[in-house]
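Good morning, and thank you for making time for this presentation. I would ask everyone to look at the sequence and the structure together as we proceed.

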Amino acid sequence: MPTLPHNAVLIPIDMQQAFDAAPWASRWNDRLDENGLALLAAWRGADRPVIHVCHDSAEPNSTLRREDPGNALRPGFEPQADEPLVRKSVNAAFIGTDLDLRLRRLGVDTVVLFGISTDMCVSTSVRVGANMGYRVLLVEDACDCFDLPDGAGGTIAARDVHRTHVATLRHEFATVLKTADVLAVL
């Protein structure tokens, strides 16, 4: 288990209510909320910084539009006290937001990410963060994604989508951990 600097920041990505209903496809990780909430509780209990990320879609029919009820964070994932909420409109949490500035002002070089969806906003944020020079830790069992149409009339199961993306992130962009690993060092 790698060490966690005291100022490492936990970044939950897009833990939003819209993902629990149509038109979103089936997800696989039934422990997503349990693991994510455990990370938040332990992180807060250790008095470490948290920055939340929320997707504000610009698409007119999206359930993630800011004015749509689905844009709200899932119960228990709302910011507490002075925890900031960064709003993005693209996949990467670092693009078009002040996330990098916030992290630099905190003197942070390590970020710990989890959320929805592994293959889209989480993966893109991991890659961009690593390319910007951050040490990125991905909590794989606190991430989730959706069944994915394969373009040939079939479907790739969400679990396989997740496993493949985690493997590529592990290969070059992030240290991949489980929730229990992170809790053990807090």
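This is a predicted model: local features need pLDDT of at least 70, side-chain atom pairs count only at pLDDT 80 or more; totals for chains, interfaces and linings use all residues.

**The core and selected loop residues**

The largest nonpolar core holds 49 residues, and the members that touch the most other members are Leu103, Phe114, Val126 and Leu138.

Strand E5 provides the largest share, namely six residues.

Which residues does Val126 contact, once its neighbours within four places in sequence are left aside? They are Leu113, Val136, Leu138, Leu169, Phe173 and Ala174. Leu138, listed here as a contact of Val126, was also named among the core members that touch the most others.

I turn now to the backbone. Ser117 itself is placed in the loop that runs between E4 and H3.

Two aspartates call for attention on account of phi. Asp14, a residue other than glycine, has a positive phi near 55°. Asp47 is not a glycine either, and its phi is positive at about 55°. As for their places, Asp14 is in the loop between E1 and H1, while Asp47 is in the loop between H1 and E2.

Are these two aspartates buried or exposed? Asp14 has a relative accessible area of 1%, and therefore counts as buried, the cut-off being under 20%. Asp47, by contrast, has a relative accessibility of 63%, so it counts as exposed, for which the cut-off is over 50%.

Finally, I draw your attention to Ser62, in the loop between strand E2 (52-55) and strand E3 (85-88). Why does Ser62 count as buried? Its relative accessibility is 13%, and buried means under 20%, so Ser62 falls within that class. Leaving aside neighbours within four places in sequence, Ser62 is in contact with Ser57 and Asp68. With Ser57 there is also a polar contact of 3.4 Å between the two side chains.

That concludes my presentation, and I welcome your comments.

Conventions: Residues are numbered from 1 along each chain as its sequence is written. Side-chain values use heavy atoms; hydrogens and water are left out. Helices (H or I, at least four residues) and strands (E, at least two) are DSSP runs, numbered from the N terminus. Buried means under 20% relative accessible area, exposed over 50%, partly exposed in between (1.4 Å probe, protein chains only). A polar contact is a pair of N or O atoms within 3.5 Å; within protein, one must be able to donate a hydrogen and the other to accept it, and residues adjacent in sequence count only if both atoms are side-chain atoms. Contact means heavy atoms within 4.5 Å. A nonpolar core is a set of buried Ala, Val, Leu, Ile, Met, Phe, Trp, Tyr and Cys residues joined through side-chain atoms within 4.5 Å.
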